[in-house]
Amino acid sequence: MSKLQNHIYDVWINILNRIDNKTLDDIYAFSFFVYDENDDPRLPTLTIGFNTNSNLNENIKDASDSSEAKWNYAFWIQNQLAVIGDYKDKNGKVLISNWIDELGLNFTDNDVEQDIDNCMKKSEKITSEFIKILINVVKKTHESNVSETPILIHELEYYDAIMNQNILANGEQRVKEFNDWINKWYM
């Protein structure tokens with residue numbers, strides 16, 4: 001396991017251990033929201049959060065149906081239990097930068113001007129490798145019986161790759177309802 005993967009796992013488990021039992025009983029899914037800080041693929045970022053049945057019940061009236069309120073991140077609490085890799089997380093930012101260097105995927109703004117196609121390929125690889133780390137963290141969580149609750153790895157948009165990465169991470173049964181919703185609304 002890479003230093004970055006260990007760091008993400010440790011932050012995640014620390015968060016999980018701090019959530020009180022009453023809240024844990026109300027949580028139906030955790031969120032591993034992935035985005036690039038400042039839209040820069042060299043700055044992948046993870047925000048960890050969750051949604052609860054209580055929040056779902058409050059937001060059903062604002063959604064087109066209960067499944068949209070349940071699975072569309074726009075209706076979630078938007079809590080930020082931890083943000084790994086953003087400008088405030090100096091340790092995570094260094095680990096991510098070192099990890100990108102170790103993969104040989106780093107590039108400069110000057111490199112973009114010289115060979116944008118190569119930099120785009122590196123950008124895609126950074127994203128796919130970051131997602132692989134998150135898949136491994138989620139798998140380890142479930143394999144260790146730390147939590148049986150789905151941990152959704154996602155962006156703001158939903159599509160086939162989101163469904164597939166969540167099946168890999170969580171197993172098909174844990175994310176069946178989520179994937180059914182994606183199929184209903186986005187396919």
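A charge sits over a ring if NZ of Lys or CZ of Arg is within 6 Å of the ring centre and within 35 degrees of the ring normal. That rule is used in the first view below. This is a predicted model, where local features need pLDDT of at least 70, side-chain atom pairs count only at pLDDT 80 or more, and totals for chains, interfaces and linings use all residues. Residues are numbered from 1 along each chain as its sequence is written, and side-chain values use heavy atoms, with hydrogens and water left out.

**View 1. Two lysines over tyrosine rings.** Lys-140 lies over the face of Tyr-9, 4.1 Å from the ring centre. Lys-70 does likewise with Tyr-28, at 5.2 Å from the ring centre.

**View 2. Strand 4 and its partner.** Helices (H or I, at least four residues) and strands (E, at least two) are DSSP runs, numbered from the N terminus. Strand 4 (151-154) pairs with strand 1 (residues 27-36) in the parallel sense, over 4 bridges; two strands pair if DSSP finds at least two bridges between them. Look for Ser-31, which stands opposite Leu-152 in strand 4. In a regular strand the side chains alternate between the two faces of the sheet. Here both faces of strand 4 are covered, with Ile-151 and Ile-153 buried on one side and Leu-152 and His-154 buried on the other. Buried means under 20% relative accessible area, exposed over 50%, and partly exposed in between (1.4 Å probe, protein chains only).

**View 3. The largest nonpolar core.** A nonpolar core is a set of buried Ala, Val, Leu, Ile, Met, Phe, Trp, Tyr and Cys residues joined through side-chain atoms within 4.5 Å. Of the 36 residues in the largest one, Ile-8, Trp-12, Phe-32, Leu-46, Phe-130, Leu-134 and Ile-153 touch the most other members. Elements giving two or more residues to this core include helix 1 (3-18), strand 2 (44-52) and helix 5 (90-102), while the largest share, 9 residues, comes from helix 7. Leaving aside neighbours within four places in sequence, Phe-130 is in contact (heavy atoms within 4.5 Å) with residues including Leu-4, Ile-8, Val-34, Leu-46 and Trp-99. A second, separate core of 18 residues includes Ala-63, Leu-152, Met-163 and Ile-182.

**View 4. Aromatic pairs.** The structure holds 13 aromatic pairs. Rings of Phe, Tyr and Trp (its six-membered ring) pair if their centres lie within 6.5 Å; planes under 30 degrees apart count as stacked, over 60 as edge-to-face and the rest as tilted. Phe-30 and Phe-50 have ring centres 6.3 Å apart and planes at 80°, so this pair is edge-to-face. It links distant parts of the chain, with Phe-30 in strand 1 and Phe-50 in strand 2, 20 residues apart. Phe-30 is buried at 1% relative accessibility, and Phe-50 is buried at 10%. Phe-178 and Trp-181 form a tilted pair, 6.4 Å centre to centre with 35° between the planes. Both lie in helix 9 (residues 176-186), 3 residues apart, about one turn of the helix. Ring pairs also link Phe-178 and Trp-181 into a cluster whose members include Tyr-28, Trp-71 and Tyr-158.

**View 5. Two loop residues with positive phi.** Gln-78 is not a glycine, yet has a positive phi of about 70°. Gln-78 sits in the loop between helix 4 (66-71) and strand 3 (82-84) and is partly exposed at 38% relative accessibility. Asn-145, also not a glycine, has a positive phi near 55°. Its place is in the loop between helix 7 (116-143) and strand 4, and Asn-145 is exposed at 61% relative accessibility.
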